[in-house]
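Student: I am new to this structure and would like to go through it with you. Could we begin once it is on the screen?

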There are 2 protein chains.
Amino acid sequence: MMAAGIQRGGATAIWRQIAQALEAEIAAGITAPEGQLQSEYTLAERFGVNRHTVRQAIAHLADRGLVRVERGRGIFVRSRSLDYPIGGRTRFHEIVRRGNRAPSRTVIGCEAVKPDRKIAADLRLNETEMAWRIVTISAADGSPIGTSDHYFPRHRFPDLPGAMPPDNSITTLLRNFGIDDYLRRWTRISARPATAEEARRLELKRARPVLVTEALNVDSDGVPVEYGLTRMVADRVTLTIEH
Amino acid sequence: MMAAGIQRGGATAIWRQIAQALEAEIAAGITAPEGQLQSEYTLAERFGVNRHTVRQAIAHLADRGLVRVERGRGIFVRSRSLDYPIGGRTRFHEIVRRGNRAPSRTVIGCEAVKPDRKIAADLRLNETEMAWRIVTISAADGSPIGTSDHYFPRHRFPDLPGAMPPDNSITTLLRNFGIDDYLRRWTRISARPATAEEARRLELKRARPVLVTEALNVDSDGVPVEYGLTRMVADRVTLTIEH
DNA sequence: ATAAATTTGTGCGTATGTATG
DNA sequence: CCATACATACGCACAAATTTA
C-alpha cells in the first residue's frame, strides 16, 4: 500500500486530495483529453484507499465537468471543447483559427436536388426550382467537428460545383459569385443522438449527442443565398452567443 | 392484402406514398405526439408491401425529425417542440405563453452555497462571498421542459427564499428587490445525455440528450444579478436566435 | 452467438472524528 | 459528560453495462 502523497488525518479530506491530484494530472496533460483514467479499483489501490473514497473524488470532478464517467467503460477526460460563437457573421474557418486550431472542410457530396418544402420556403424557391446540396465534413486539427448539408438556389449559382474553391470555404465560394458579404439571419438549435451514418462521418464510437443547427444566410440585400443544416459533435463544441 | 390507397407503378415511389400517408396521419393527430406508430411489420401488412419498403419511408420521416425510431421498442412521433427564442430579453414564462402553452416552475431546492470558481467569477464574487442557489423544474402544460440551477449573489439578496413569488418567476423575484429590468449578456450552449437524476426530474425514460445552457443576466447597470445553468429536454425544445 | 472478465452503480453496515447544544 | 448530527472512510456484496475472448 503506497500512500502516494495522501495525508491521513490532515485538515483536508482524503477524497479532496485525490480530486486535486487527478485534476493536476489532467491539467498537466498526463491524461490526454478523451483519454481514459485508471479504473476506480486501480486508483483505490494506487492511493491506498477504499473505492468509495475514489468515487467521491471522481463524482466531484464529474460535477465540475472535467471528466465523464461511463458505466461499464470507464472514466474519460473531457476534451476542452471548441468555443463556437454564433452571430450575424459566423464563419467556420475564422472561428476555428481564432481557437488556435487548423480548420478544414471536406466535400463528400454535391448534387442538384428538389429541396424540402420548408427549405424551399426559407430560400424563397418555388415548387419547380432546384437547389444545390453540398454535403461536407468540417474539422479542427483533423478532428471532425460537424457535418453539414448546405443548400444554395441553383438559378443564382449555375455552375456551383465548378466554382468550389480548393479549401471548400463557403465565404470564398460565394465571393466567386460576386457576393462579397453575407449575414446570418437566424439560427435554430436542437440536439439528438447521432445516427449511425453521422457517427461514422464524425468518428464517434457510439451515438453521442449532436447539436443540430439550422441557419439561413442572406446577402447584403437580404436575399437568402444559403441554408445550412449542421450536426456538430456536442462533446467537441460549445456554442456561444453574445446578446 | 389491402392496398390502402397505394398506387403501384405510378409516378411516385411506393415508399414516398407511405411516407406521405404517415405524415398526414401524424399531422392530423391520429397518432399523438410521443405516441407509438404501428410496428414495421404491421404497417407492411396494412399497406401490402414488404417491410423494407416501410423502413424506407420511416427512415425518411426519421431524417426529417418527424419520428424517432428506437431499436427493439418501436417508432414514436416526435412531439412538436417548443420554440424557445434566446436573446437579450429571455423570459421563460413569456416564451411559453407565446407558444400558447401554460408555463409553470417548481422550486425543488434553495440554499446558500459557496459557488464554483467559474460561477463566482461570472457573478463577480470574491472567495469569501456566498451565493443563493435555487434549483427549479420548468414545465409547459405540465410537461417538464428543463431543470435549472439559478445562482444569485447573496449580499444583494439578503432574504431571497422569503422573497420568492408564488409563481416562482425570476422576473418577479428580481422586481421584489428593485430590479425592474434585466438583460441576458451571453448564452453558452452544449449538449450531452441526461444524467439519471436529470432523467428523473424531467420525466425521461432513458438518457435522452439535454441542451445545457449557461447564461448570465445583468441589471440595467451591467452588474451581474443571476447566473443560470439550465438543462432542457432536447426533444421538447428548439432554441432559436435572431441575429 | 455465448461466456467470461472488466468496470461502474448502488445499497447496507460499520466505525471514527468533529461540531453543536 | 452526554446526546445528536454530520462528514468522512472502509468493507462487502451484488446489479448493470460494456468489452474482450
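Student: In which sense does H1(A) cross H3(A), left-handed or right-handed?

Tutor: The crossing of H1(A) past H3(A) is right-handed, meaning that the near helix is turned clockwise from the far one by less than a right angle. Helices here are DSSP runs of H or I with at least four residues, and strands are runs of E with at least two, numbered from the N terminus. This is a predicted model, in which local features need pLDDT of at least 70 and side-chain atom pairs count only at pLDDT 80 or more, while totals for chains, interfaces and linings use all residues. Residues are numbered from 1 along each chain as written, chains are lettered from A and ligands numbered from 1 in written order, and side-chain values use heavy atoms, without hydrogens and water.

Student: Which residues of H1(A) and H3(A) make the contact?

Tutor: Among them are A:Trp15 and A:Leu22 of H1(A), and A:Ile58 and A:Leu61 of H3(A); contact means heavy atoms within 4.5 Å.

Student: At what angle do the two helices pack?

Tutor: Helix H1 (residues 14–27) and helix H3 (residues 51–63), both of chain A, pack at about 55°, with axes 8 Å apart. The axes are lines fitted to C-alpha atoms over the stretch in contact, and angles run from 0 to 180 degrees between N-to-C directions.

Student: Changing topic, what stands opposite A:Asp83?

Tutor: A:Thr238 in S10(A) does. S3(A) and strand S10 (residues 237–242) of chain A pair in the parallel sense over four bridges; pairing requires at least two bridges found by DSSP.

Student: What is the strand order of the open sheet?

Tutor: The order of its eight strands is S3(A)-S10(A)-S7(B)-S8(B)-S9(B)-S6(B)-S5(B)-S4(B), with mixed pairing. S3 (82–85) of chain A and S4 (103–113) of chain B are at the edges with a single partner strand each, so one side of each lacks a neighbour in the sheet.
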